[in-house]
Amino acid sequence: MSSVERPELAAVPETALWTLWQRAVEARRPDAVLRDPKAVDLVERIDYPFAERFGTSGLQSHLQALRVGCFDREVADFLAREPRGTVVCLGEGLETQYWRVDNGRAHWLSVDLPDMVALRERVLPPGPRRRCLAADATDLGWADEVDRDRAVLVTAQGLCMYLPPARVKALIAGCADRFPGGSMVVDAVPRWFARLTVSGRMRTAAYQVPVMPWAMDAGERDGLRTASPAVTAVRDVRPTGGRGLLGALLPLALTVPPLAAHRPSVTVLNFAEGPDRGAGSR
Ligand SMILES: C[S@@+](CC[C@H](N)C(=O)[O-])C[C@H]1O[C@@H](n2cnc3c(N)ncnc32)[C@H](O)[C@@H]1O
C-alpha cells in the first residue's frame, strides 16, 4: 500500500493524528479493547513521527479506546434501529469507525476542515455510501447535504472541546432544529483538563495539546438541554470493558461523586420529533 508524505496541519486538525495514533497503539495489543486494523494500517502509511511526537502511553491509548467504544456502541445501536440511516461525523479527522461498525446499508457523511478532508480523501477514499465534505461544522451548511428522509445520527467525537462555548451551543441547537427525531453524540473534557490546556501545562517535550475553549464536567450534562427546547433527552454513555487496574477502577470513577462529576464524558442528546419526517427509508 502506498505511503503518504508528511501532512502539514494546523494544531487543531493535527489532533486527529493524535487520536488515530492512540487507536492504533491500542489496536496493536493482543488484549486490545478496540479492534481497529484500519487505524494500524493508516499509521503505517502516513509519513509522520507518531511515536516521537505523541509517545506510546498505554494508559492514554486505553482511555481513548474506551471513549471510542462509547461512540461505536451508540452508532451500532442507531444502525440496528435504522439500518438505512445516515451517520454524520463532524470533525471526523481520520476516524475509522466506518470500518468498525458499518452495516453495508447506512450512509456516512464526514465533515471536517479543508486540510483534513484533503488528507482523509487521500488515505481513505470516499465510497458510494461514504462522502466527505470540507466545511466548518459550526456553519451548518453541511446539513443541506443530508437526506431528510433518512434517520440521522450526528456524532461530534473529539470536536466540541476545540470550539468556543457559544458555537457548541449553536451547533447543538442547529442540529436539533434541522434533524427532528434525530440524535447527537457529543464528548467533553472536564473543566480542570481544559484549564491545563489553557495554561499550556498539557504538554510533553515534543507535543503541546492545543487550547480547549469548551469544557463540561460530567455533572453539568443536563445543562446541554438549554441549547434548545428541541433537546428532549440527555443521556450519559459510560465506557465499559476496560482491562486490568483501569477496568477495575472504572466503575468507581463513574460512580463515586467527586470523581464521577469531574470526569470526561460522552453524552447522547435526543431531538424532538418533527411533523413530516418520512419513514420510507427504514
Ligand atoms: C481530536 S480530532 C478528532 C478526530 C476524530 N473525530 C477522532 O475522534 O479521532 C478533532 C477534529 O476536529 C476537526 N475540527 C476542528 N474544528 C472543526 C470545525 N470547526 N469544523 C469541522 N471540523 C473541525 C479537526 O480538523 C480534527 O479532525
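Student: Which residues of helix 2 are buried?

Tutor: This is a predicted model, and in it K38, A39 and L42 are the buried residues of helix 2, which spans residues 37-45.

Student: Where do those three sit around the helix axis?

Tutor: They lie on the same side of helix 2, because the arc they cover around the axis is only 100°. As a general point, an α-helix has 3.6 residues a turn, so residues three or four places apart point the same way.

Student: And what does that buried set pack against?

Tutor: The buried residues of helix 2 pack against helix 1, against helix 5 (97-101) and against helix 6 (114-123).

Student: Helix 1 again, then. What does helix 1 give to the shell around the ligand?

Tutor: Helix 1 supplies five residues, which is the most that is given to the shell around the ligand. Helix 1 (11-27) and strand 2 (107-112) each contribute at least two residues to that shell.

Student: Which residues come nearest to the ligand?

Tutor: There are 20 residues around the ligand, and T19, G91, G93, A137 and G158 come nearest.

Student: How does the shell divide by residue class?

Tutor: The shell around the ligand is made up of nine nonpolar, seven polar and four charged residues.

Student: Back to helix 1 for a moment: at what angle does its axis cross that of helix 4?

Tutor: The axes of helix 1 and helix 4 (residues 58-81) cross at roughly 100° and come within 8 Å. An angle from 65 to 115 degrees counts as roughly perpendicular, and helix 1 and helix 4 are therefore roughly perpendicular to each other.

Student: Which residues make that contact?

Tutor: From helix 1 the contact uses T19, Q22, R23, V25 and E26, and from helix 4 it uses Q60, S61, H62, Q64, A65 and V68. By class, the contact of helix 1 with helix 4 comprises six polar, three nonpolar and two charged residues.

Student: Changing topic, what is the phi of L140?

Tutor: Phi of L140 is near 65°, a positive value in a residue other than glycine. In general, most residues other than glycine have a negative phi. L140 is located in the loop between strand 3 (130-134) and strand 4 (152-156), and L140 counts as partly exposed because it has 17 C-beta neighbours inside 10 Å.

Student: What about A143, where is that one?

Tutor: A143 is also placed in the loop between strand 3 and strand 4. A143 is partly exposed, with 18 other C-beta atoms within 10 Å, and its C-alpha is 10.0 Å from that of V111, at a sequence separation of 32 residues.

Student: And where is G242, and what does G242 touch?

Tutor: G242 is in the loop between strand 6 and helix 9 (244-255). Setting aside residues up to four places away in sequence, G242 touches V33, H62, L66, G247 and L250. G242 and A32 are 210 residues apart in sequence, yet 9.3 Å apart in space, C-alpha to C-alpha.

Student: Last one: is R221 buried or partly exposed?

Tutor: R221 is partly exposed, with 19 other C-beta atoms within 10 Å. R221 belongs to the loop between helix 8 (191-198) and strand 6 (231-237), and, not counting residues up to four places away in sequence, R221 touches M216, V234, D236, S265 and T267.

Terms used
Residues numbered from 1 in each chain as written. Predicted model: local features only at pLDDT ≥ 70, side-chain atom pairs only at ≥ 80, totals over all residues. Near = placed C-beta within 6 Å. Helix = DSSP H or I, 4+ residues; strand = E, 2+ residues; numbered from the N terminus. Nonpolar A, V, L, I, M, F, W, Y, C, P; charged D, E, K, R; others polar. Buried ≥ 20, exposed ≤ 12 C-beta atoms within 10 Å, placed from the backbone. Arc of directions from axis to C-beta. Contact = placed C-beta atoms within 7 Å. Axes fitted to C-alpha atoms, helices over the stretch in contact; angles between N-to-C directions. Parallel < 35°, antiparallel > 145°, perpendicular 65-115°, else oblique.
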